[in-house]
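I opened this notebook to get to know a structure that was new to me.

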Amino acid sequence: MQRPKISEKTKAKIRLIAKNRCGYCLCQQEYVWDILEIDHIYPLALGGKNSEENLWLICSTCNSAKYNKTEGFDAETNKTVPLFNPRTQNWNEHFKWNKNATKIIGQTPVGRATILALNLNRDRFNKIRKYWVSAGWHPPKD
């Protein structure tokens, strides 16, 4: 079965609303090698729709880790919770940057579970963020 294509107009709208950055790790398109992808927040494979409300921008690394996950485990509460939804939830309510803005800290069960499920603080990310900070490119300014 062939999935319906996402129109270029819809892709452009999502890029604009997402501020051309990954909804999870906040990497900005202008500083990453790969083209940020349009992601199905709730995967098509699990019954998600190809509608604009189910689409957001994601980097290839976060997308590979997310795959078809919709939930993650929060070790602090010992519960499985939904992953962060960048379309409907505010990043700053669930996450914050550490003092030098290289590591993402989960502030809620959803934030902590998403960090773990998507491996948002892998060493390579933290090293790259360090260089972005020194160049004045990170964290993103709203």
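**Strands and charged pairs**

I started with Phe73, and I found this residue standing opposite Thr80 in β4. Before going further, a reminder to myself: this is a predicted model.

Next I looked up how the strands run. β3 and strand β4 (residues 79–82) pair in the antiparallel sense, and I noted four bridges for the pairing. The hairpin of β3 and β4 has four residues between the strands, and there Asn78 takes a positive phi near 60 degrees.

Then I checked the two faces of strand β3, residues 71–74. Gly72 and Asp74 make up the covered face, while Glu71 and Phe73 make up the uncovered one. So much for strands on their own.

On to charges. My background note: side chains of opposite charge can pair when their charged atoms come close. How many salt bridges does the count come to? I got five.

I took Lys11 and Glu8 to begin with. Their side chains meet in a salt bridge, at 3.4 Å from N to O. Both sit in helix α1 (residues 8–17), and because they are three residues apart there, about one helical turn separates them. Are they buried or exposed? Lys11 counts as partly exposed, at 28% relative accessibility. Glu8 is exposed, with a relative accessible area of 59%.

Then came Asp39 and Lys66. I found a salt bridge here too, with the closest N and O atoms 3.2 Å apart. Asp39 lies in strand β1 (residues 37–40) and Lys66 in helix α2 (residues 60–66), so this pair ties together parts that are 27 residues apart in sequence. I also looked up burial for the pair: both Asp39 and Lys66 are buried. For that label, the cut-off is under 20% relative accessible area.

My next entry goes back to the hairpin. Which residue does Glu76 meet in a salt bridge? The partner is Arg112, and the side chains meet at 3.6 Å, N to O. Glu76 lies in the loop between β3 and β4, whereas Arg112 lies in helix α4 (residues 109–118), so the pair ties together parts that are 36 residues apart in sequence. Glu76 itself is exposed, with a relative accessible area of 63%. I also wrote down that Asp74, Glu76 and Arg112 are joined into one network by salt bridges that share partners. Asp74 had already turned up in my notes, on the covered face of β3.

Methods
Residues are numbered from 1 along each chain as its sequence is written. This is a predicted model: local features need pLDDT of at least 70, side-chain atom pairs count only at pLDDT 80 or more; totals for chains, interfaces and linings use all residues. Side-chain values use heavy atoms; hydrogens and water are left out. Buried means under 20% relative accessible area, exposed over 50%, partly exposed in between (1.4 Å probe, protein chains only). Two strands pair if DSSP finds at least two bridges between them. A salt bridge is a side-chain nitrogen of Lys or Arg within 4 Å of a carboxyl oxygen of Asp or Glu.
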